[in-house]
Amino acid sequence: WRDVLPGTERIDLSLVNQLMVERGRPPVWHCVSDGRALFVTSPEGVMARDLATFDLLWRSVPRARPRDLSVVQFRMNVGTLDGDNRDRLDELSTVTLFHEYRGAVSYGHGLVFIIEQLGATGERFPTRKGIVDPNDNYGIGGQSEPNSLRAFEADTGRAVWTRGRGGAADDELRFVHFYSPPVTCGPHLLSVFQAGSDLNLAVLDPNGKLVRKVLLGSARTGLFPMNGVLQPTV
């Protein structure tokens, strides 16, 4: 079977191919399986395909829908010089090659997990040659970008729970930055997150409840790339 990866119809594939060769950065699409379905994630969200027939089972829609490129260009070119992206990659190509969290996906306890994240204020996209500015990292004394850990039912695609940004008002993880979707460890889930200057390991129930957190270490913000992934293993 064969299928076009979601989102490719809006990407300048010749430019992506060029940057893959020059920079050694393949697109961020990844996939996992529960033995029955194949779950593929990309800048367009997550889709599930039946492994036996390759039929599309379900597809999620990112909460932040892609904006019209003409509007994005206008907004980027107005105001501070830091927001000027005229000589840089378009947003979708940037996400496809450099926003690694958009390709991170995991499975466990009948759920599929992904990370959703809004763009940072004043982020400058890589140049058309694939050169990334130092602002890929948090600045010294800066704040981490809050993002969301989301869980979907593997069978139906129904969004089950969200931790972090967009979660409940009393969510103690509402302002943290998750670095990866969780991996399973016995009856629990493990995920790495940053809160202020502390890097932590979250131990979660399959229903998203925080069982406990383990401090891994403390350091200035900016130690890890904002759009990178720190995937735990067991």
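**Exercises: a cavity and an open sheet**

A search of the whole structure finds 1 cavity of 30 Å³ or more. The model is predicted: local features need pLDDT of at least 70, side-chain atom pairs count only at pLDDT 80 or more, and totals for chains, interfaces and linings use all residues. Residues are numbered from 1 along each chain as its sequence is written, and side-chain values use heavy atoms, without hydrogens and water.

**Exercise 1.** Describe the largest cavity and its lining.

*Step 1.* The volume, meaning the space filled by probe spheres set on the points, is about 70 Å³ for the largest cavity. Of its 10 lining residues, Ser42, Gly45, Arg102, Ile114 and Ile115 are the closest to the centre.

*Step 2.* Strands are DSSP runs (E, at least two residues), numbered from the N terminus. S2 (37-42), S3 (45-50) and S6 (111-116) each supply at least two residues of this lining; S6 gives the largest share, 3 residues.

**Exercise 2.** Find the edge strands of the open sheet of 4 strands.

*Step 1.* Two strands pair if DSSP finds at least two bridges between them. The order is S5-S6-S7-S8, with antiparallel pairing.

*Step 2.* S5 (105-108) and S8 (159-164) each have a single partner strand, so one side of each lacks a neighbour in the sheet.

*Step 3.* The bridge partner of Gly108 is Leu111 in S6.

Definitions and conventions:
On a 1 Å grid over the protein atoms alone, a cavity is a set of points where a 1.4 Å probe fits but cannot get out, and a pocket is an open set with protein on both sides within 12 Å along at least five of seven lines; lining residues have an atom within 4 Å of a point.
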